[in-house]
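I am opening a notebook on this structure. My plan is to look things up one at a time and write down what I find.

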Amino acid sequence: MPAVKETIETVESLAEYEHGFITDIEMEMAPKGLNTDIVRYISAKKGEPDWMLEWRLAAYQRWLTMQEPSWAMVNYPTIDFQDSYYYAAPKAKVELNSLDDLDPEILETYKKLGIPLREQEVLAGVKGAPRIAVDAVFDSVSVATTFREELAKSGVIFCSMSESIKEYPDLVRQYLGTVVPVSDNFYATLNSAVFSDGTFVYIPPGVRCPMELSTYFRINAADTGQFERTLIIADKGAYVSYLEGCTAPMRDENQLHAAVVELVALDDAEIKYSTVQNWYPGDKNGVGGIYNFVTKRADCRGVRSKVSWTQVETGSAVTWKYPSCILRGDESQGAFYSIAITNGHQQADTGTKMIHLGKNTRSRIVSKGISAGKSNNTYRGLVSAHAKAKGARNFTQCDSLLIGDQCGAHTVPYVEAKTPYATFEHEATTTRLSEDQLFYCRQRGLPTEDAVALLVNGFVREVLQELPMEFAVEAQKLVAISLEGSVG
Amino acid sequence: MLNINNLHVEVGGTSIIKGLTLCVPAGEVHAIMGPNGAGKSTLSYALTGREGYEVVGGTATLNGDDLLELAPEERAAKGLFLSFQYPLEIPGVPTLTFLRTALNAQRKARGEGEISVPDFMKLSRDVAKKLGVTPDMMKRPLNVGFSGGEKKRMEIYQMALLDPRFMILDETDSGLDIDALKVVSEGVNALRGPDKGMLVITHYQRLLDHIKPDRVHVLAGGRIVDSGGPELALALEADGYDRYKEAA
Ligand SMILES: Nc1ncnc2c1ncn2[C@@H]1O[C@H](COP(=O)(O)OP(=O)(O)O)[C@@H](O)[C@H]1O
Ligand SMILES: [Mg+2]
């Protein structure tokens, strides 16, 4: 396929966004636009039970009454929601029984992205290297999920959302939409109506998940929105560490990504959720790129439950994202560690909400925002303690680094305490990458780009340390790549 | 080795170095002394290529290479090192990470391979022992929260580890107590050699008791106004710089 090859070569020569290639395969698409027929089409394609279809239709009716939010510090042209495809799936030639039935183009895509889909490839890797189970989502469908059998031995359920609806309807019905209600916000409601695929994880009581779980999202098709939905449940005393990675081809049109992620942690359970978001950010002139409007929320439902969100946000043209924790259980703990990098014309409005409901709940926020080029980077955070949240504590550290003089950094903290027995601490700094430090590094032999990477990595170190080892190394490289050409 | 000829440097449109000529042959250590504001640090920044220190005339070469043509990191790779009068703090970057990255960048620029981690660890420990740098200092982010004296010690530690060919020490003695001065001076002396050169900037004689210079120059009003042997430093200590006011 010469067209594909050409695209790949063009993209490789650009080097700035190395995941920008397009996979040329036959797709099955729903007609463009959004109406109840499309919702029915998606549900039918997935062979969903009636209750799921009803849920979607109710969400769609609700969505029709809602307005797109405008409070975030981001600007983008009005989205025509009728001018997008809401379902795109690689056309399966036969029923998929094993990876060998998967379109080789898709296998090749994940290989190029460095995502291991074949278990033996993972196993053949370095001895003692951590094994990671992967759910690969390609446009609207999950194409492969690895290590399922091994995980099943310890009772862990790790599968695509579509499968979970059919295989584990009771669990899904018990938890779906309980953290992010259908009516939560414009994008979450849209997602509830048209969500395509995503990952479902259930860790049974007392089980420590024996390996890292991960989902790798890839938007490929043009004019297609991705609306994935992820639900992770850690039952009493369970532990899981979950990683999420995302990339998309370089396209001139903007593409919408509106995901919903729900986490539920019961008594003494712990969930670590890490994201390295590297959607295509658009070109130098701000053309194209992903609109990343995501609702991520964790419910620390049980006593002493713990959730931490760690995110490295380097991609997307516009990011609107506030992974949050509802600290419902007494003594539950929430953490948010974030690195948000904007360069070129990117805009990010991101942060977190820590809602303290239970007694002696604790939360910690460390946000590192880096703005370069003509970009804008906003931290927006809410910390609230309700009347019963006696002894609630929050610590917030919010640092911004500016590279150059055409970018902006903004910090918008909201604090609400309805009990006098809450302690909130907030520290914020804004610094400009110093010419003096750069010269010092260069005098020691570091070229400017390496010096910037080193200084920036120093700035974000506290957050990088929260990532699982193998992800931290990737993230460190990504930080350097995202800022290439930002100085000098 | 280092040849500076009729160098003119402007800072923010003001002429600071006004026709400076100086030659440091391989194997020698030269001291530059002079009153505050004479342009000593300006000279060191111009030689290492700091932005804002505009060379408007003259030449400077190191072993025949035109320094003024090169980017700061290229000058470093050629073996030019500056021990800063005011070392910078680099938050979040452990000293050893910083130094390994710098060393490898220099080696890469020279077409050499990367140093292995065990070799680097051994090197860093050996050098640290000689200079009284503690393991804790090596692990902490570079210079962050260090005292003035610790920062100066760290500069010489970096210098010893990077093993440059030409070293400029800008007021390394300030901030060091007597004991530290001795340790640091010994470290510096160990780096002298037949194919190395040093320019030691100071305005006190006491450093030169420990690091014996071959030549002493007086910098005043942007020029070298006097040169002599080590005895010149002693005379300056006794009489001060007043007699050069005219010359400036
Ligand atoms: N960045 C600067 N901007 C303006 N003037 C400067 C700057 N740096 C140095 N100078 C001036 O240049 C002169 C020489 O300074 P410097 O080289 O630091 O002297 P020394 O190191 O000999 O004490 C002084 O008059 C100082 O005020
Ligand atoms: Mg000075």
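**Chain A overall**

I began with surface area: chain A exposes about 19,200 Å², and carbon and sulfur atoms supply 49% of that. I remind myself that this is a predicted model. Next I looked up secondary structure and found 12 helices and 23 strands in chain A. Of the 488 residues in chain A, 60% are buried. I then checked contact range. Taking contacts in chain A between residues at least 6 apart in sequence, 83% join residues at least 24 apart.

**Nonpolar cores**

I looked up the largest nonpolar core, which has 111 residues. Members from both chains turn up among those touching the most other members: A:I370, B:L2, B:F98, B:Y157, B:F166 and B:L199. Helix α11 of chain A (residues 448-464) gives this core its largest share, 9 residues. Another core lies apart from it, with 33 residues, including A:F158, A:V240, A:L263 and A:I271. I note the background: in soluble globular proteins, nonpolar side chains tend to be buried together.

Which residues does B:Y157 contact, leaving aside its neighbours within four places in sequence? I listed B:T95, B:L96, B:L99, B:S124, B:V127, B:A128, B:L131, B:V133 and B:M138.

**Ligand 1**

I turned to the ligand shell. Ligand 1 is surrounded by B:V11, B:I16, B:Y53 and a run from B:P35 through B:N36, B:G37, B:A38, B:G39, B:K40 and B:S41 to B:T42. By class I get 5 nonpolar, 5 polar and 1 charged residues in the shell. Helix α1 of chain B (residues 40-48) supplies the largest share of the shell, 3 residues.

Then I checked backbone atoms against ligand oxygens. A backbone N or O atom of B:G37 lies 2.8 Å from an oxygen atom of ligand 1. For B:K40, a backbone N or O atom is also 2.8 Å from a ligand oxygen atom. A polar backbone atom of B:S41 is 2.9 Å from an oxygen atom of ligand 1. Taken alone, ligand 1 exposes 550 Å², and the protein buries 57% of that.

**Positive phi**

A:D268 has phi near 60°. I placed A:D268 in the chain A loop between β11 (260-265) and β12 (270-277). A:D268 counts as partly exposed because its relative accessibility is 39%, between the 20% and 50% cut-offs.

B:N63 has a positive phi of about 50° and is not a glycine. B:N63 sits in the loop between β4 (53-62) and β5 (65-66) of chain B. With a relative accessible area of 36%, B:N63 is partly exposed.

Definitions and conventions:
Residues numbered from 1 in each chain as written. Chains lettered and ligands numbered in written order. Predicted model: local features only at pLDDT ≥ 70, side-chain atom pairs only at ≥ 80, totals over all residues. Heavy atoms only, no water. Near = heavy atom within 4 Å. Polar contact = N/O pair within 3.5 Å; in protein donor to acceptor, adjacent residues only side chain to side chain. Areas by Shrake-Rupley, 256 points an atom, 1.4 Å probe, with all protein chains shown as cover. Helix = DSSP H or I, 4+ residues; strand = E, 2+ residues; numbered from the N terminus. Nonpolar A, V, L, I, M, F, W, Y, C, P; charged D, E, K, R; others polar. Core = buried A, V, L, I, M, F, W, Y, C linked by side-chain atoms within 4.5 Å. Buried < 20%, exposed > 50% of the residue type's maximum accessible area, 1.4 Å probe, protein only. Contact = heavy atoms within 4.5 Å.
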